[in-house]
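Visitor: Hi! Could we look at the aromatic rings in this one together?
Guide: Happy to, here it is.
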Amino acid sequence: MSSMPQSAPPQRAGMFGQLAHLSRAFWMLNIMEMFERLAYFGVRVVIPIYIAQADEIHGLHFTQAQKGFIFTLWALVQTGVPIFSGGFADRYGYKKTIAVSIAIKIAGYLLMATQRGFWPFTIGCLVLAFGTAIFKPGVWGSLQRTMDKSNSSVGWGMFYMLVNVGGFLGPPLAHFLYGFSWPTVFFGCAVIVSLNFLMLLTYPSVDAGGTKSGGVWQTTVLTITNLFNLRLITFILIMSGFWLMFMQLFDLLPNFIVDWVDSSSLVRALHLPAMFTTQTTRGPMVAQEWMINLDSFMIVLLVVWVSHLVARMRRVHSIFIGIAVASLGLLAAGFTMSGVSCLLGIALFAVGEMLASPKMNDYLGIIAPDDKKGLYMGYANMPTAIGWAYGSFLAGDLYGRMGEKAGLALRYLGEHGGVPAGVDRTTAMESLQSVTHLDASAATRLLWNAYHPYKLWYPFFAVGIASAIGIFFYARWVRKYEAADI
């Protein structure tokens, strides 16, 4: 018998070949996300300082616990609403959903620019969070429908790179704008996000693929009933620990850097210009927003390449490695007062983020039914909702008790003769220097050695490692349900 010739299995296209086959809508959506992230991170990377840094002259001077409370509410709105708005994006159309979200985000930025009272400012934050919550499922659902299994890994990697182009440009934008005033930061970001109204005109509408019948109640019921999936619920709970740890890079580390990290040697060695530095009582330091920005810079340079390298790896395996590496990076960033060590920790964190975060969206998009892409992209916010909300509450409490330099200065004064009359958080370090006859750097080292504020990172590291262990066992469990390339 003669045998029929066997055709060779189709070869996966190279990285550039996969990118070349992505549609125009894919690229336009990426640019929209880049603008949105430019505005968003222009605010997010500096707002911990504006809200709660004791020595920020024109800041709001809320307590660390109040900052944690604001971020908890922010997290619940921004990442809780998409659990339901993802289903509405499928139902009513992605472009309509995106347009509404842009208008709401502009209103949020304007409120934050003009309100200084605790509740009025918090409401502004929540309006911005609500607009962001509606924006994400519309964009992510559209993106997922422009890709397939053969190019989704590189596609999500490219998306994540362009997101971080916006994230990278946000901090220098904020650094420039708050040179004029804090309100200018928020007004500038409102202008930038409004550019997305124009971007909506640059590509044809992507079919949402969802059922167009039924109303609000039916859509809500669909969202809830789809959650009764043991595999999905388990994945969401495990990834919640990752996001609890992850968000501290943006919510907690900025205050920690301003309070404790000494990067003056880097300023001197590299002769950094003024745009990269900030003047402090300890001398010129690398601005905290530029240090945090190393995360986005590395992602812009490497994430597409990293995503291509791990394209053949099971998505859950990449997530496992990424969570473990990011947890180690966050611990390293806050373990010493050295600016160099902090930057190395942020770099390690970025490597872990590149391995874990894009793959989470990729994984949920692949396992989602074809007519529920927006719904599942909404579910992608559930781990962030749980982890970020509780992490904000935990971080506000821990930093207020264990990490805030002004609070520890008051504690030291109280334990060594009492706090002088009229001294509060805003003048605590000046009073400590006066009492101890130490300069700002020596007084900071005194508090570091007395109270070991680096220990506040231990709980976040432990949660991250627990999540990595959880995803390791999850990967073994779901192997029997999933194809080998998922």
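Visitor: Let's begin with Phe118: buried or exposed?
Guide: Phe118 counts as buried, because its relative accessibility is 18% (buried is under 20% relative accessible area, exposed over 50%, partly exposed in between, with a 1.4 Å probe and protein chains only). Keep in mind that this is a predicted model, where local features need pLDDT of at least 70, side-chain atom pairs count only at pLDDT 80 or more, and totals for chains, interfaces and linings use all residues. Residues are numbered from 1 along each chain as its sequence is written, and side-chain values use heavy atoms, leaving out hydrogens and water.

Visitor: How many aromatic pairs does the whole structure have?
Guide: The search finds 38; rings of Phe, Tyr and Trp (its six-membered ring) pair if their centres lie within 6.5 Å, and planes under 30 degrees apart count as stacked, over 60 as edge-to-face and the rest as tilted.

Visitor: And how are Phe69 and Phe118 arranged?
Guide: They are stacked, because their ring planes are at 25 degrees, with centres 6.3 Å apart.

Visitor: What about Phe242 and Phe246?
Guide: That pair is tilted, because the planes are at 45 degrees; the centres are 5.5 Å apart. Phe242 is buried at 0% relative accessibility, and Phe246 is buried at 4%.

Visitor: Which residues make up the cluster linked by ring pairs?
Guide: Tyr40, Phe41, Phe71, Trp74, Phe242, Trp243, Phe246, Phe250 and Phe349.

Visitor: New topic: which ring does the charged end of Arg37 sit over?
Guide: Tyr40, at 4.1 Å from the ring centre (the test is NZ of Lys or CZ of Arg within 6 Å of the ring centre and within 35 degrees of the ring normal). Arg44 has its charged end over the ring of Trp74, 4.8 Å from the centre.
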